[in-house]
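Here's a quick briefing to go with the model you're about to open. Have a look at it first, then work through the notes below.

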Amino acid sequence: MKGKIIVTGGCGYIGSHTVVSLIEDGYEVVVFDNLSNSKELILDRIREITGIRPTFEKIDLADESQAKEAYRKHSNTDAIINFAAYKAVGESVKEPIMYYRNNMFSLLNTLQGQIDNNIKNIIFSSSATVYGEPDSLPITEKNETKRPFSPYGNTKKVAEEILEDLTKVNSGFSAISLRYFNPIGAHGSGLIGEFPSGVPNNLLPYVTQCAAGVLDELKVFGNDYPTKDGTPIRDYIHVVDLAEAHVIAVNRLLNDKNKSNFEVFNLGTGIGYTVLDVIDTFESVTGINLNYSMAERRDGDVAVLYAATDLARDELGWEARYGLKDMISSAWKWEQDLRTSLNRL
Ligand code: WQD
């Protein structure tokens, strides 16, 4: 074994893919999850893929005593990857306290667990949302961070500031914050993927659920943006590429290759696609015609976001391997397999 890693939120979408990549890279993994937005069955799926079912602790990390106990039990840990958080942008606008309480308390309890047990390394799951509306493109890590549009986004920004403060005073600790652009896609096996609760807010799950007949019609939110076809541009990134970047970040910390105690990296492909590009690619990859129509702009959406990928390439040696077609075909495979297994239940 290369080392022991705690993955908080390891049953969730990006967490579960990262657990697979860590196990494949030779790490021992312990998953902390309260299953508030995920299923324990995912651990069996991880075993189907890797041959190993990670150790599982069902705990609510926002609860101080549960977190304390769990971190004490696993004090011989080399690094933590922190995914445990609520992530629905719209819900966070309606329920800010719930978002701040859950996302901040679980992070603070995790950091306290690190301090109490001398666990020196943490990788934090951040988001391009910390850039707000960018002043320049592509977005580099030097772009100014701004007050995000939503409480969800603000939990990411404040979390980064806390990590920066902590690593400043505690030179034995190191943190890497990974700022994701738009994660989509699923594991090639079709065994793990995104399973949004209720009606999805994000584009790809909405598209696949429309194609599967679960939803009737896709609304394209705005076609009067200053882009080639009027719809917003985003940098979509395959979740398997993201997962691999986390393993590289863990290796970097455990091998003392980090250049400072607090580092941030963008994780994107550097390529922007419009909403209509995504729809066209979905239709050509699957042969399914989507039922969609143009609608009003959605509040809080910005016109164009895509990453500068140089820092991740130069420092981590990481570049996205998968393109939009792979992302879409894997998401579609996952959606179909999911519908089949749900029908069987
Ligand atoms: C993409 C594009 C929509 C749904 C969000 C969060 C961000 C990160 C990733 C992580 C936009 C359009 C969407 C639909 C549409 N969060 N769209 N019809 O908003 O770029 O980023 O997810 O947890 O923090 O803000 O992603 O997938 O919602 O939207 O036209 O039904 O698709 O307007 O242009 P977004 P998204």
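**Ligand site**

The ligand is surrounded by 20 residues, and the closest are Leu203, Lys219, Arg234, Arg298 and Asp301 (a residue is near if one of its heavy atoms lies within 4 Å). Keep in mind that this is a predicted model, where local features need pLDDT of at least 70, side-chain atom pairs count only at pLDDT 80 or more, and totals for chains, interfaces and linings use all residues. Residues are numbered from 1 along each chain as its sequence is written, and side-chain values use heavy atoms, with hydrogens and water left out.

What holds for the shell and its polar contacts:

- By class, the shell around the ligand splits into 10 nonpolar, 5 polar and 5 charged residues; here Ala, Val, Leu, Ile, Met, Phe, Trp, Tyr, Cys and Pro count as nonpolar, Asp, Glu, Lys and Arg as charged, and the others, Gly among them, as polar.
- Polar contacts here are pairs of N or O atoms within 3.5 Å. A polar backbone atom of Leu203 sits 2.8 Å from an oxygen atom of the ligand.
- For Phe221, a backbone N or O atom is 2.9 Å from a ligand oxygen atom, and for Tyr152 a polar side-chain atom is 3.1 Å from an oxygen atom of the ligand.
- On its own the ligand exposes 690 Å², and the protein buries 87% of that (areas by the Shrake-Rupley method with a 1.4 Å probe).
- The elements giving two or more residues to the shell are α7 and β8 (218-221), with helices (H or I, at least four residues) and strands (E, at least two) taken as DSSP runs numbered from the N terminus.
- β8 supplies the largest share of the shell, 4 residues.

**Helix packing**

- Helix α7 (residues 203-211) packs against helix α9 (residues 275-286) at about 35°, with the axes 11 Å apart; axes are lines fitted to C-alpha atoms over the stretch in contact, and angles run from 0 to 180 degrees between N-to-C directions.
- On the α7 side, Leu203, Leu204, Val207, Thr208 and Ala211 meet Val275, Val278 and Phe282 of α9, where contact means heavy atoms within 4.5 Å.
- That α7 and α9 contact divides into 7 nonpolar residues, 1 polar and no charged.
- α7 crosses α9 in a right-handed sense, meaning the near helix is turned clockwise from the far one by less than a right angle.

**Backbone details**

- The peptide bond from Leu137 to Pro138 is cis, with omega near -10°, and Pro138 is in the loop between β5 (121-127) and α6 (151-169).
- Leu35 has phi near 60°, a positive value in a non-glycine residue; Leu35 lies in the loop between β2 (28-33) and α2.
- Asn118, in the loop between α5 (96-117) and β5, also has a positive phi, near 55°.

**Around Thr50**

- Thr50 belongs to helix α2 (residues 41-50).
- Neighbours within four places in sequence aside, Thr50 touches Val20, Ile23 and Glu24.
- Thr50 and Asp280 are 230 residues apart along the chain, and their C-alpha atoms are separated by 34 Å.

Technical notes. Polar contact = N/O pair within 3.5 Å; in protein donor to acceptor, adjacent residues only side chain to side chain.
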